[in-house]
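Here are my notes on this model. Please read them with the structure open.

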Amino acid sequence: MPVESLRAHIQHYWTSIRASIEDGTYEPMPVRRVEIPKPNGSVRLLGVPTVTDRFIQQAIAQVLTPIFDPNFSNHSYGFRPKKRGHDAVRKAKEYIESGYRWVVDLDLENFFGAPG
């Protein structure tokens, strides 16, 4: 469904969508898998949720982010409100100018996957 159709879809189906969320039976649709080419020749897998699922995810994030985000480290820049990769690079430059010589860039993408 195109994003432009979401409003009408939600207006028509909201009662049943909300009921399924509240009673714990809501199940997101399978995500569409997309491969994004990387400069080194490999690909980054991306899962694209349906428009309705993205709408619901955003609603949940708007409620939970103010509750949990204040507990995250100020040194964390990934997927945080008002923080971007550019901010992390700027901060790393500040540390280097202050005399530090090591910068750690950590990505947990494969941390929980199978070894090897």
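The points below run from the basis of the model to single residues.

1. Basis. This is a predicted model, in which local features need pLDDT of at least 70, side-chain atom pairs count only at pLDDT 80 or more, and totals for chains, interfaces and linings use all residues. Residues are numbered from 1 along each chain as its sequence is written, and side-chain values use heavy atoms, with hydrogens and water left out.

2. Domains. The protein is split into domain 1 (3-71) and domain 2 (74-104). These bounds come from an automatic or database domain assignment. The C-alpha centres of domain 1 and domain 2 are 29 Å apart.

3. The core. Five residues make up the largest nonpolar core: Leu-6, Ile-10, Ile-17, Val-51 and Ile-56. Helix H1 (6-22) and helix H2 (51-68) are the elements that give it two or more residues. H1 gives the most, with 3 residues. A nonpolar core here is a set of buried Ala, Val, Leu, Ile, Met, Phe, Trp, Tyr and Cys residues joined through side-chain atoms within 4.5 Å. Buried means under 20% relative accessible area, exposed means over 50%, and partly exposed lies in between (1.4 Å probe, protein chains only). Helices are DSSP runs (H or I, at least four residues), numbered from the N terminus. In soluble globular proteins, nonpolar side chains tend to be buried together.

4. Helix H1. Look at its shape. H1 bends by about 70° at Tyr-13. The bend is the angle between axes fitted to the seven residues ending there and the seven starting there. A straight helix of 17 residues would span 24 Å at 1.5 Å a residue, but H1 spans only 20 Å between its end C-alpha atoms. The expected span is 1.5 Å times one less than the number of residues. After H1 comes Gly-24, with a positive phi near 80°.

5. What H1 buries. Its buried residues are Leu-6, Ile-10, Ile-17 and Ser-20. H2 is included in what covers them. Which residues does Leu-6 contact, leaving aside its neighbours within four places in sequence? They are Met-1, Val-51, Thr-52 and Phe-55. Contact means heavy atoms within 4.5 Å.

6. Helix H3. H3 has 13 residues and reaches 19 Å from its first C-alpha to its last, close to the 18 Å expected at 1.5 Å a residue. Gly-99 follows H3 and has a positive phi, near 110°.

7. Asp-87. Neighbours within four places in sequence aside, Asp-87 contacts Tyr-77 and Lys-82.

8. Ala-88. This residue is also in H3. Ala-88 counts as partly exposed because its relative accessibility is 27%.

9. Loop residues to check. Most residues other than glycine have a negative phi. Phe-79 is not a glycine, yet its phi is positive, about 55°. Phe-79 sits in the loop between H2 and H3 and is exposed, at 90% relative accessible area. Lys-82 lies in the loop between H2 and H3. Phi of Lys-82 is positive, near 60°, and Lys-82 counts as exposed at 85% relative accessibility.
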